[in-house]
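Here are some notes to read with the structure open beside you. Take the points in order, and look for each feature as it comes up.

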Amino acid sequence: MSDSLSQILKNHNQKQADIRKQNEQLKKNAIRSTQELTDSLTEYANAGINEIFNNQKELEQQSKKLAQQTSKYVHQTQQWLTLVDGFNMSLKELGDIKNWTEIMEHDMKSIMLTLEFVHQGTLEGEPPNH
């Protein structure tokens with residue numbers, strides 16, 4: 001009986017060792033699988049983060065470029081406004097000159113009519129009144 005008890009104990013110990021060995025192997029497999037899953041998830045997350053980061057950099061570059069172009073267009077628009085203001089002022093001056101010439105023409109016609117009237121009066125023998 002002691003042989004059979006000893007055999008049972010030996011078998012039991014062997015089974016326990018096999019179960020521990022199997023459990024240890026399962027634990028290693030679980031740890032390896034967990035590590036692979038973690039690595040895959042990290043890689044996937046990093047890929048998304050890298051894409052977001054690259055998109056952000058691209059947006060910042062385009063934003064800077066847009067700001068530069070906007071500044072350039074603002075400067076160009078200011079130059080155009082200055083040019084148009086100068087043109088408007090020149091047109092106004094031309095309008096003033098035209099008005100002045102019309103007034104001068106009217107005044108000259110009045111002077112000419114007056115001189116003709118005076119000249120007509122002296123031709124008819126009447127002395128001009130002083």
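1. A term to begin with: a salt bridge is a side-chain nitrogen of Lys or Arg within 4 Å of a carboxyl oxygen of Asp or Glu. Keep in mind too that this is a predicted model. With that cut-off in hand, look at Glu105 and Lys109: their closest N and O atoms are 3.6 Å apart, and the two residues form a salt bridge.

2. Where do Glu105 and Lys109 lie? Both belong to helix α1, and they are four residues apart, about one turn of the helix. Glu105 counts as partly exposed, at 45% relative accessibility. Lys109 is likewise listed as partly exposed, with a value of 48%.

3. How many salt bridges does a search of the whole structure find? The count is two. Lys98 is exposed, its relative accessible area being 53%, while Glu102 is partly exposed at 41%.

4. Now step back to the whole chain. The protein chain has one helix and zero strands. Its radius of gyration is 54 Å, well over the 14 Å that the globule rule gives for 130 residues, so the chain is more spread out than a compact globule. You can check this by eye: along its principal axes, the C-alpha trace spans about 180 × 15 × 15 Å.

5. What share of the 130 residues is buried? Buried residues make up 1% of them. The accessible surface of the protein chain comes to about 12,400 Å², and carbon and sulfur atoms account for 60% of that surface.

6. Is Trp100 buried or exposed? Trp100 has a relative accessible area of 53%, and it counts as exposed because that value is over 50%.

7. A last point concerns charge. The protein chain carries 14 positive and 18 negative charges.

Key
Residues are numbered from 1 along each chain as its sequence is written. This is a predicted model: local features need pLDDT of at least 70, side-chain atom pairs count only at pLDDT 80 or more; totals for chains, interfaces and linings use all residues. Side-chain values use heavy atoms; hydrogens and water are left out. Helices (H or I, at least four residues) and strands (E, at least two) are DSSP runs, numbered from the N terminus. The radius of gyration is taken over C-alpha atoms; the globule rule is 2.2 Å times the number of residues to the power 0.38. Buried means under 20% relative accessible area, exposed over 50%, partly exposed in between (1.4 Å probe, protein chains only). Accessible areas come from the Shrake-Rupley method with a 1.4 Å probe; for residues, only the protein chains shown count as cover. Lys and Arg count as positive and Asp and Glu as negative; His and the chain ends are not counted. The place of a charge is taken as NZ of Lys, CZ of Arg, CG of Asp or CD of Glu.
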